[in-house]
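Please read the points below with the model open beside them.

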Amino acid sequence: MQIKISRYFLRLLTVTVLLAVTLIGSLWFWDTYQVYRRDIDEIRTSSIRQQRRELKQQVAFALKYISFMQHKSPKNIPLKEKERIKSEILNWLQHYRWDKNNRNYIFIGNYDGVLLAGPPEVIGKNMLGVTDIHGVHIVREFIRLAQNGGGYLQYVMPKFKNIRPMTKISYIGSVPEYHWFIGTGRYIDDIKAVIAARKQQLKKEFISHILQICLLFLLLSTLILIIIFIVSRRVRSNLEPFVSFFHQASSNFVQIQEDKLNFDEFRLLAGDANAMLRERDKIQRILRRQENLLNALTRAGHQLLSGADPEHAVTGALAILGKACSAERVYLFEIEEEKGSGKTVKLRYEWTDNVSSRLDDPRFQHISQTLLKSRWAAKLRQGHAVQGSVDDFSGEVADLSREYGVKTILLLPVIYRGRFWGVLGCDTCKEPVHWPSNSIQSLQSFASTLCTAIMQRRSEQEATRIRDQWVTTFNSIKDAIFLLDTDNRIVNANAEALRIAGVNDLAEIQGKNLPNILHGKGTRFKACLAELTLEQGIPLSDEVHSSKLDKFFFSSSFPVYHQEGKLAGVIYIARDVTREKNMEQQLIQARKMEALGTLAGGIAHDFNNILAAIMGFSELALVKLQHKETVGLDDDINQILRAGKRAKELIAQLLAFSRNQESRKAIIKGEPILEETIHMLGAFVPANIQVVTQLSPETRTIFADPTALHQVFMNLGSNGAQAMKDKGGRLLITLEETTLSREQQQRISDPAASYLHIVFSDQGGGVDPRIVDKIYDPFFTTKEVGEGTGMGLAAVHGIIEDHDGFMELENKPGVGATFHAYLPQTTKTDTQQIASVLDQQNPATRTFKLVLIVDDEAMLLAMYKDMFSLLGCDTLTTPDPNNALELLKNNPEIDLLCTDYDMPKMNGLELARQCHILRQDLPILLNSGLNVDIDEKTLQNAGIKNILTKPVALQELQKTLLLLTERKKYFFYHKTGRRRNGPWPVGFLFYHHLPP
């Protein structure tokens with residue numbers, strides 16, 4: 001009876017297992033096939049969508065480039081410049097290629113159908129009539145799409161020389177400013193090739209997956225058959241006596257197989273014995289499981305802290321936890337707040353042991369809020385763990401769990417900083433498991449530790465991302481940025497700062513003092529801006545010239561404070577404006593040359609008057625001398641001298657106005673320059689224009705460049721005169737001292753106590769209100785061609801701002817325009833006054849015993865000989881520089897050389913160099929009819945002590961000789977405004993003659 005039952009049981013069990021394995025394998029195979037089909041469809045859809053999106057992105061990129069080129073240029077640029085920009089855009093896009101093989105191109109055409117960029121075979125051709133095999137007018141469809149805001153078009157590409165006739169899809173955009181359509185495309189075959197390659201890859205993965213499934217089920221079937229065979233043998237075997245059972249049960253865990261006993265009494269006895277041994281073994285297993293769990297939690301914590309990759313560390317910790325608590329799946333859900341949808345639950349991390357993963361299942365990435373309102377979810381929010389079978393949970397969770405073969409579930413609340421952060425879960429899929437309370441408590445503590453580690457890793461990653469983003473942004477800024485400490489030493493610098501400093505690595509300048517790297521002087525602040533900010537604790541800005549780098553920078557320094565309010569350092573920002581500065585100087589010089597014609601007309605008028613006076617009084621003096629009459633003779637000669645001085649001043653003014661030289665500011669009064677301007681305006685202003693002046697007595701001076709100030713007056717005056725040239729009127733010029741109103745002071749960062757107020761008011765009809773904002777723009781003009789370049793007011797505005805002043809326009813259309821210029825006044829005295837020795841009138845009698853005079857003009861040579869003789873000096877004269885060298889060698893008693901600068905054989909500077917080599921103690925005077933711009937070092941190396949501008953007056957020559965003989969200490973003031981004291985020949989004297 002027993003043998004028959006066992007055989008029957010063996011056969012039934014074998015058939016059942018094989019049928020179950022076959023059924024499960026078939027279902028698994030069908031599910032894998034459906035996943036493969038779904039992935040194929042999704043790849044086809046996503047690939048086409050990706051290709052279409054990439055086409056649109058390329059067109060958007062091209063449109064951004066066109067927009068950038070349009071907006072980086074001024075609005076009102078000439079048509080020729082606009083065409084150049086369009087040509088530059090087309091040239092760049094013609095050579096632009098994209099995709100991984102750099103084959104795809106951008107094509108551009110106008111709304112007339114002419115291709116402007118694209119394949120070389122069709123550029124310049126009208127493509128309106130081109131159709132594909134279906135009769136679609138391709139280019140006309142392009143134009144229609146562009147005019148409607150853009151879109152996609154699929155067509156068959158016609159065959160050209162190097163273009164294959166295949167189906168293509170393109171995206172078309174629009175450039176309405178130029179009436180262009182712009183687009184790019186990709187062949188459908190290329191897209192299908194990508195999809196086919198991906199399908200082939202998925203097919204290989206599908207076949208590999210099927211082979212794995214078959215192998216797994218084969219192994220599982222073999223294992224089950226082996227187990228069944230072993231169990232059947234045990235069923236057929238005879239039981240050992242109860243004596244043997246009790247003998248073994250004292251020290252080992254043994255079980256009596258009750259179903260093999262033929263008597264009920266023995267079955268009951270065996271059941272009680274087995275129950276006793278099971279209870280003992282259960283307690284031992286619980287103790288061993290708790291010990292293993294604690295060891296596993298310790299290893300998992302170490303994994304969290306030591307893992308380099310956060311994702312790998314968390315997954316590794318979950319793996320250790322899953323093996324310790326006999327779970328086949330361990331996972332971590334996180335609760336997030338989403339705008340518009342409230343709280344959502346997402347599966348963040350998961351570890352599985354030979355069961356399906358749910359990370360790729362979208363249902364676990366956005367779990368509905370209804371699950372959070374269930375009974376077990378409420379217990380989790382209260383901080384209590386939940387465990388049970390699949391049927392103990394709500395319908396949706398139960399359905400999802402059954403789908404993934406879950407039998408029992410353990411859910412642990414994760415609390416982070418008092419907030420319900422998420423859920424840590426364990427699933428068993430092989431057999432049900434009940435977790436004891438002590439294990440749950442240990443797992444609960446580990447869940448909080450796991451969450452803390454995850455949040456800490458996220459904070460570290462976010463800090464790293466922010467730091468990298470800051471470094472990228474910091475180095476992308478085109479201004480040089482230096483971060484300084486309280487000792488003005490460099491702590492950090494961006495890439496542009498390293499480039500300006502001429503280094504490749506921050507370590508080369510880190511810790512160095514900023515002035516050693518970027519030393520320069522500002523227009524307002526002569527000291528380093530960073531040092532001033534450290535001293536005063538306020539932001540500062542100034543235009544700085546770095547003599548070390550020979551560059552101009554617009555620099556700003558900002559203080560940085562600690563949280564407690566203590567100064568921590570300085571941020572120093574420098575923008576290279578050398579190019580803009582050079583262009584500004586070129587604009588000013590060009591405007592000066594434009595005004596030079598007008599200025600020359602006035603000077604020519606005055607110069608003719610001067611020549612008339614010189615010739616007239618000279619003839620009168622000759623007549624009186626012929627008749628030996630002395631009455632009034634000295635007055636005639638004085639008139640000739642005054643006329644000569646007047647001519648010299650006019651020539652000096654004309655040369656200074658036309659030269660491109662840097663600003664030479666000094667403490668001056670504005671009234672003499674304005675009076676000279678008014679006098680010059682009278683020479684070319686039409687007779688129907690009346691020039692009226694109101695010059696108030698001045699009590700203060702201004703720090704300004706006389707030549708630049710003269711240019712301001714001339715430009716404002718000539719603009720006013722040109723505005724009234726047709727109907728005439730009155731040009732009112734006012735000069736007065738004033739203080740700023742409260743509104744004006746609010747517009748200026750550091751207003752002065754008082755200002756010199758300059759007003760030029762005309763009756764020319766005013767400025768068109770539509771162009772008032774553009775009158776100071778360079779090259780903007782309303783004049784006809786040939787009447788001006790439009791740089792006059794731009795130059796005036798730049799000069800006034802360079803002098804820390806500002807301008808205002810009082811415009812009355814139809815009545816006139818009034819320009820107000822405000823220049824800050826100063827109470828300082830003129831630092832360029834010459835020492836009192838210049839006022840001495842004592843003749844330099846025999847101070848220089850023998851003077852060598854060199855000049856190629858015989859008339860001037862005779863004049864200089866007589867002038868030095870009147871001053872008590874013996875002279876040697878020669879027109880030949882080479883002969884002068886021989887005279888110097890043969891006459892050691894020569895103690896002064898006076899030479900002309902512009903001579904045919906050898907100029908005066910070269911002669912001075914050679915004479916200085918022969919006699920280094922010999923003082924040299926250099927005469928020139930032009931303003932010679934020679935630097936100090938060159939003059940010192942040539943031994944030149946002074947430069948005299950022709951014509952040289954006797955009194956001026958006398959003062960120069962007195963200065964050369966003076967041995968005391970004098971103050972010599974250079975054009976920079978700094979003074980240097982010391983005995984001769986440390987310093988040099990430079991004469992700068994201004995109009996009276």
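1. Basis. The model is predicted, with local features taken at pLDDT of at least 70, side-chain atom pairs counted only at pLDDT 80 or more, and totals for chains, interfaces and linings using all residues. Residues are numbered from 1 along each chain as its sequence is written, and side-chain values use heavy atoms, with hydrogens and water left out.

2. Whole chain. The protein chain holds 24 helices and 31 strands; these are DSSP runs numbered from the N terminus, helices being H or I of at least four residues and strands E of at least two. Of its 996 residues, 43% count as buried, where buried means under 20% relative accessible area, exposed over 50% and partly exposed in between, with a 1.4 Å probe and protein chains only. Among contacts (heavy atoms within 4.5 Å) between residues at least 6 apart in sequence, 61% join residues at least 24 apart.

3. Strand 2, pairing. Strands are taken to pair if DSSP finds at least two bridges between them. Strand 2 runs antiparallel to strand 1 (residues 97–98) over 2 bridges, and W98 has N104 as its bridge partner. The pairing with strand 6 (residues 180–187) is also antiparallel, over 5 bridges, with F107 partnered by G183. Strand 3 (residues 115–117) pairs with strand 2 in the antiparallel sense over 2 bridges, and here G109 stands opposite L115.

4. Strand 2, hairpins. Strands 1 and 2 form a hairpin with 5 residues between them, and D99 in the turn has a positive phi of about 90°. The hairpin of strand 2 and strand 3 has 4 residues between the strands, and G113 takes a positive phi near 95°.

5. Strand 21. In which sense does strand 21 run relative to strand 19, parallel or antiparallel? Strand 19 (residues 689–695) and strand 21 (residues 729–738) run parallel and are joined by 7 bridges; V692 stands opposite L732. Strand 21 is also joined by 7 bridges to strand 22 (residues 755–761), but these two run antiparallel, with E737 opposite L756.

6. An open sheet of 5 strands has the order 26-25-27-28-29, with parallel pairing. Strand 26 (874–878) and strand 29 (944–949) stand at the edges with a single partner strand each, so one side of each is left without a neighbour in the sheet. Neighbouring strands are turned by 20° against each other on average, direction ignored. Strand 25 (residues 850–854) pairs with strand 26 in the parallel sense over 5 bridges, and V854 stands opposite T878.

7. Helices on this sheet. Helix 20 lies across strand 25, strand 26, strand 27 (896–900) and strand 28 (924–928), and runs at about 165° to strand 25. Helix 21 (residues 881–890) lies across strand 25 and strand 26, also running at about 165° to strand 25. Angles run from 0 to 180 degrees between N-to-C directions, and axes are lines fitted to C-alpha atoms, for helices over the stretch in contact.

8. Helix 20 against helix 24. Helix 20 (residues 858–870) packs on helix 24 (residues 954–965) at an angle of about 55°, with the axes 11 Å apart. That makes helix 20 oblique to helix 24; under 35 degrees counts as roughly parallel, over 145 as roughly antiparallel, 65 to 115 as roughly perpendicular and the rest as oblique. M867, F868 and L870 in helix 20 meet L954, L957 and L961 in helix 24. The contact residues divide into 6 nonpolar, no polar and no charged, with Ala, Val, Leu, Ile, Met, Phe, Trp, Tyr, Cys and Pro counted as nonpolar, Asp, Glu, Lys and Arg as charged, and the others, Gly among them, as polar.

9. L484. This residue is found in strand 12 (residues 480–484). Is L484 buried or exposed? At 5% relative accessibility, L484 counts as buried. Not counting residues up to four places away in sequence, L484 touches R489, I490, V491, L514, A530, A568, G569, V570 and Y572. The C-alpha atoms of L484 and A530 are separated by 8.3 Å, with the two residues 46 apart along the chain.
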